[in-house]
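Have a look at it first, and then we can walk through a few spots.

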Amino acid sequence: MWQYFWVYQTDLPPGIGVDLFSATHLAWVFTASLLIYLIALLYCKQNKIIRRRMEIVIAILLLSGYLIRWIWAIWIGHFDPTDMLPLHLCALSAMAEFIAVFSRNLTLKEFGYACGVPGALATFILPSFGAYPLFHVYYLVFILDHSILILLPLIWIWGDGFRPDSRRLLRCFAIVLFMAGIDVMVNKLINSNFMFINGVPDGTIYKPIADWFGNPGYQFPLTLVLLLVWGIFYAPWMLKRKKAASRLKAGQKAGNQAGK
């Protein structure tokens, strides 16, 4: 398989791509998930200086993955702006997480948790890599990037004390809408399909929704799906915050009674 490591998908022989839910697919999902957990665990055990260095290295690896893919595509003469501009939601999340590492901006960290993690998990479940085999620069770089999209928010939560806050979701949603507006213009200009605004490709997790609601029409339920995912992702944090507020209120009440 290594002879095809640098080959573009149109020049690959048929039948060598990784099938969905095949042993290869499930093996790399398990391996990537285990590595994410182990790296996050290692991160939590380090002192503040080492954690900061690890965070920066991870962020550089995230950005390097996209640079490697672009350099490879340019080198073999197959750079396609309709596919490789960083305007899909996962690419935007990657940029947000990279900037958040150096800026410490809470909204960008929130965006990484709210958009990067669900997008990466969806890619883990239903990766749309076409004809590429596992041992290919394109496939391996995508596994790396989407693993880091999950890893960075995880180490922020486990190691740095970051807590997702639903009150920042409105700003995240505003960023999504703003970028969707840009994507609409870019899609029209270069005939691309960033954020799947013009249609949903086969093999993606959103395809059944598009088939049911048609186009246009599927964009609205996709927005509802995003809101549902956010509900699932934020419910534990909202419950935890509510319990903490209740305990605080009970403690204040007890203190007032004791003062009397």
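How much space lies in the second largest pocket? About 260 Å³, going by this predicted model.

## The second largest pocket

So who sits around that space? There are 13 lining residues, and the ones closest to the centre of the pocket are Ala 32, Leu 35, Ile 39, Leu 144 and Ser 147. Helix 1 (23-44), helix 2 and helix 6 are the elements that give two or more residues to the lining. Helix 1 has the largest share, with 6 residues.

## Salt bridges across the chain

Now for the charged side chains. The model has 7 salt bridges. One of them pairs Asp 160 with Arg 51, with 3.5 Å between the closest N and O atoms. That pair links distant parts of the chain, 109 residues apart: Asp 160 belongs to helix 6 (residues 137-160) and Arg 51 to helix 2 (residues 48-75). On the accessibility side, Asp 160 is partly exposed at 32% relative accessible area, while Arg 51 is buried at 17%.

Glu 55 and Arg 104 form another salt bridge, and here the closest N and O atoms are 3.1 Å apart. Glu 55 lies in helix 2 and Arg 104 in the loop between helix 4 (89-103) and helix 5 (106-125), so this bridge ties together parts that are 49 residues apart in sequence. Glu 55 has 0% relative accessibility and counts as buried, whereas Arg 104, at 38%, counts as partly exposed.

Helix 7 (residues 169-190) has 22 residues, so at 1.5 Å a residue it should span 32 Å. Its end C-alpha atoms are 31 Å apart, which agrees.

Which residues of helix 7 are buried? They are Leu 169, Cys 172, Val 176, Met 179, Ala 180, Asp 183, Val 186 and Asn 187. These residues cover an arc of only 130° around the axis, so they sit on the same side of helix 7. Turn to the other side of helix 7 and you find Leu 170, Phe 178, Met 185, Lys 188 and Leu 189, which are exposed. Just after helix 7 comes Asn 191, which takes a positive phi of about 60°.

## One last stop: Ile 157

Ile 157 is found in helix 6. This residue counts as buried, at 11% relative accessibility. Now pick out Ala 40 too: Ile 157 and Ala 40 are 117 residues apart along the chain, and their C-alpha atoms are separated by 9.7 Å.

How values were computed: Residues numbered from 1 in each chain as written. Predicted model: local features only at pLDDT ≥ 70, side-chain atom pairs only at ≥ 80, totals over all residues. Heavy atoms only, no water. Salt bridge = Lys/Arg side-chain N within 4 Å of Asp/Glu carboxyl O. Helix = DSSP H or I, 4+ residues; strand = E, 2+ residues; numbered from the N terminus. Buried < 20%, exposed > 50% of the residue type's maximum accessible area, 1.4 Å probe, protein only. 1 Å grid on protein atoms, 1.4 Å probe; cavity = no way out; pocket = protein on both sides within 12 Å on 5 of 7 lines; lining within 4 Å. Points joined across faces, edges and corners; volume = space filled by probe spheres on them. Expected span 1.5 Å × (residues − 1). Arc of directions from axis to C-beta.
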